[in-house]
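Take a look at the model below. This report walks through its sheets and then its helices.

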Amino acid sequence: MSAILPPAERLWWKHPLDRVEGTWIAIAFIWCLVMFFMMVGWHVYGKQNLSTETYRTTPEKFSAKAQAMVDKYTVRTETADKVPVVAPPAGADVYLIARLWNFWPILELEKDKTYKLHLTSMDYNHGFSLQPANINIQIVPGYEHVVTVTPNQAGTYSVVCNEYCGINHHTMVGRLYVK
Amino acid sequence: MSGGSTMTNPTSYRTCPRSGLQFEANAEKLMLANAVAAVVFLLIGGILAIGVTLTRWPAVHWLEADTFYQVLTAHGIDMLIFWIIFFEIAVLYFCSSTLLRCRLATPNMAWLGFALMVIGAVTNNLAVLQGSSSVMMTSYVPMLATPAFYLGLILFAVGALIGCFVFLGTLVVAKRDKTYTGSVPLVTFGAITACIIAVFTIASGAIILIPTLLLSLGWIAQVDALVYRTIWWAFGHSSQQINVAAHISIWYAVVAIAFGAKPMSERVSRGAFLLYILFLQLASAHHLLADPGLSTSWKVVNTSYFMYFAVLASMIHGLTIPGAMEVAQRAKGYNKGLFEWLRKAPWGNPVFSGVFISLIGFGFLGGISGVMMGTEQLNMIIHNTIYVPGHFHATVVIGTTLSFMALTYFLIPVLFKREMINPKLAQAQPYLFGLSMYFFVLVMMGAGTLGVSRRHWDMAFNGSALAYQWPGAAYLMMGLVGIAGLAAIAGGAIYIYITVGSLLWGKRLEAGAASPKYTPIPPTAPTVVAQSYGSAGFAAPGTFTLAMVFLTAFILYYFINWKYLSTLWGLS
């Protein structure tokens with residue numbers, strides 16, 4: 001029962017190493033290095049890296065920028081609440097507001113074009129969960145997160161809030177079109 | 001100092017006739033109290049689990065939204081904090097006072113700590129029960145609970161911190177009273193690891209929960225949302241790292257108890273625990289990979305435990321524990337082929353079967369999924385999906401809870417001095433509970449891979465004009481989560497029935513004569529093998545084969561997810 005007894009050898013750190021252990025440690029360590037450099041390497045060669053460009057913001061400042069975009073690029077409205085559908089040009093700064101309990105406005109982007117998507121929350125933490133593509137980003141109030149996105153497939157996407165934000169959390173779904 | 005008792009704390013020692021372990025009276029009472037409190041919170045958390053399971057099962061969708069979020073908040077805190085930490089305090093006292101055969105330091109302080117933990121846990125539960133603190137375990141600001149919610153957590157944490165210092169004090173007592181010679185046992189070393197992580201965890205909790213309490217009282221104006229998340233996770237994730245160190249210590253203990261196995265190498269196993277002390281807590285970054293405001297290099301270095309050193313440590317424990325068991329079994333003559341040692345293991349003994357099911361599930365399901373989702377870029381395909389609870393039910397339920405259950409079966413005759421009621425049922429319990437949890441986490445991670453959100457009342461989005469339609473497979477998976485969840489809850493109920501039933505109605509067993517003096521641990525004679533220096537051979541080929549199977553599964557799953565990631569939108 002020696003794992004629950006003091007080691008018999010006073011100099012236990014000189015205890016012999018079995019080859020099973022030595023070999024496994026070497027293999028496991030190599031695998032750990034592979035995983036580490038995979039992450040680093042993907043920043044160099046991969047195409048899916050989350051931007052960390054962030055600015056402090058306030059609900060007023062961010063709303064003003066979103067409103068300016070909506071005023072300029074709205075193409076139609078949808079649903080009974082007349083949510084504007086906004087089609088900004090390629091390369092534009094695009095603003096998406098998360099708030100209790102909706103995303104505003106609806107965005108319409110073009111396939112294979114790049115946009116700078118600005119995310120923030122007006123109140124609590126929210127989640128940007130783009131479905132069915134399954135891209136998930138945290139939205140934190142007070143911080144404007146600028147993510148460069150390049151949609152690679154046309155279709156109708158939903159933005160599901162996947163950070164718990166209160167009683168109507170389950171109704172917080174937005175939409176995003178890619179043409 | 002001989003005799004081990006002092007004027008202020010008269011105490012006595014008994015040697016359990018069944019295990020040979022020596023229990024000090026104060027430590028024994030405290031272990032019992034903490035273990036019973038733990039099981040009470042497991043019971044509460046288990047009842048709440050019924051509500052969570054039956055609501056997330058789409059075809060049942062049982063509770064209303066407000067009740068669901070309330071129940072989910074309490075389920076998370078009762079299980080992840082109260083059940084586990086009460087049990088861990090009992091484990092710390094066992095690994096110090098019992099394994100080192102000394103008196104527990106400052107038993108009155110230990111009782112004070114216990115009282116604070118009970119008051120804190122009850123206060124927090126009452127706050128959630130009143131309905132205005134449904135903020136989930138994470139309680140992200142600016143969403144606020146009532147002050148009692150935070151106060152309860154803070155009191156509990158202070159109590160647990162006192163327990164940690166009693167543990168450390170007990171190590172000092174053992175050293176001073178010379179109850180052992182040389183180094184502490186490996187299991188105690190693991191418990192020291194858990195204790196160090198616990199102190200870090202509780203300090204982080206205090207740093208963020210105290211200002212949040214002041215915020216909820218209206219005494220300060222703001223706690224920054226991102227600062228909160230960053231520091232809270234040093235508490236929230238690290239608290240789960242206490243579990244890892246604690247349940248791996250229990251694995252080592254059970255393999256020693258069930259097989260008389262020696263660690264393959266003290267140096268390797270202790271080195272792996274040391275890696276935990278140095279690197280494990282960095283993993284709180286796992287929860288912040290999809291956040292704004294934190295730099296890429298901060299994310300990469302922290303999420304990888306600085307080049308995956310803590311993963312390396314876990315892979316080492318995952319080999320050395322079954323390896324020690326294989327060596328012991330082969331010494332008994334179970335030498336045929338690669339796996340006779342495993343076939344001839346005591347599968348009918350729930351202490352062993354529980355630990356083995358826990359070890360395999362923790363590695364294959366919890367470990368691999370944890371590393372995948374903790375990869376900076378891969379995190380984007382699972383962040384806040386139900387994959388996350390899928391992962392941590394593999395680590396915390398299959399890993400920690402099942403290990404604690406297995407240890408309880410050992411403690412019922414030894415510590416509780418009762419004959420176990422219904423041993424046949426106890427034999428089946430780890431299989432029912434463990435295997436249904438295997439299935440539960442697999443289907444949960446399946447649903448998460450399809451994007452289904454965690455902490456979400458209604459996957460049909462009723463009431464939303466822009467509702468999203470999840471694919472049929474997601475509904476199927478969530479239905480299976482419900483069925484598997486109920487089976488696991490039944491397994492948990494059996495554990496509570498056996499434990500509480502044995503305590504209440506089990507036949508009393510002989511305690512062993514009480515003596516006012518302790519018997520120090522006699523020094524063991526070094527074995528011939530251990531004195532020879534150098535390579536000892538290839539002692540555990542079966543375990544090595546299993547480890548290679550594990551590595552293959554790990555590599556395949558890891559790269560499948562990179563492949564999946566590469567098909568997503570371009571993000572930069």
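Two strands count as paired if DSSP finds at least two bridges between them. Keep in mind that this model is predicted.

**The sheet in chain B**

With that rule, 3 strands of chain B form an open sheet in the order E2-E1-E3. Its pairing is antiparallel. The edge strands are E2 (22-24) and E3 (514-515) of chain B, and each pairs on one side only. Strand E1 (residues 13-15) of chain B is joined to E3(B) by 2 bridges. These two strands run antiparallel. B:Tyr13 has B:Ser515 in E3(B) as its bridge partner.

**The sheet in chain A**

Chain A has an open sheet of 7 strands. Their order is E2-E3-E6-E12-E11-E8-E9, and the pairing is mixed.

Now pick out one pair. Strand E6 (residues 106-109) of chain A runs parallel to strand E12 (residues 173-178) of chain A, and 3 bridges join them. A:Leu109 stands opposite A:Val178 in E12(A).

Strands of a sheet pair through backbone hydrogen bonds, either parallel or antiparallel.

**Helices in chain B**

Start with helix H4 (residues 147-177) of chain B. How far apart are its end C-alpha atoms? They are 45 Å apart. Just after H4(B), B:Lys178 takes a positive phi of about 50°.

| Helix pair | Packing angle | Axis distance |
|---|---|---|
| H8 (residues 266-279) and H10 (residues 305-331) of chain B | about 145° | 9 Å |
| H7 (residues 238-259) of chain B and H8(B) | about 170° | 11 Å |

The angle of the second pair makes H7(B) roughly antiparallel to H8(B). In this contact, B:Val244, B:Ala245, B:Ile248, B:Ser249 and B:Tyr252 of H7(B) meet B:Ser269, B:Phe273 and B:Tyr276 of H8(B). By class, the contact of H7(B) with H8(B) has 6 nonpolar, 2 polar and no charged residues.

Turn to the other pair. H8(B) passes H10(B) in a left-handed crossing. The residues of H8(B) that meet H10(B) include B:Ala272, B:Phe273 and B:Phe279. On the side of H10(B), B:Phe306, B:Phe309 and B:Ile316 are among them. The residues of this contact divide into 13 nonpolar, 4 polar and no charged.

Methods: Residues are numbered from 1 along each chain as its sequence is written. Chains are lettered from A and ligands numbered from 1 in the order in which they are written. This is a predicted model: local features need pLDDT of at least 70, side-chain atom pairs count only at pLDDT 80 or more; totals for chains, interfaces and linings use all residues. Side-chain values use heavy atoms; hydrogens and water are left out. Helices (H or I, at least four residues) and strands (E, at least two) are DSSP runs, numbered from the N terminus. The expected span of a helix is 1.5 Å times one less than its number of residues. Axes are lines fitted to C-alpha atoms, for helices over the stretch in contact, and angles run from 0 to 180 degrees between N-to-C directions. A crossing is left-handed if the near helix is turned anticlockwise from the far one by less than a right angle, and right-handed if clockwise. Contact means heavy atoms within 4.5 Å. Ala, Val, Leu, Ile, Met, Phe, Trp, Tyr, Cys and Pro count as nonpolar, Asp, Glu, Lys and Arg as charged, and the others, Gly among them, as polar. Angles under 35 degrees count as roughly parallel, over 145 as roughly antiparallel, 65 to 115 as roughly perpendicular and the rest as oblique.
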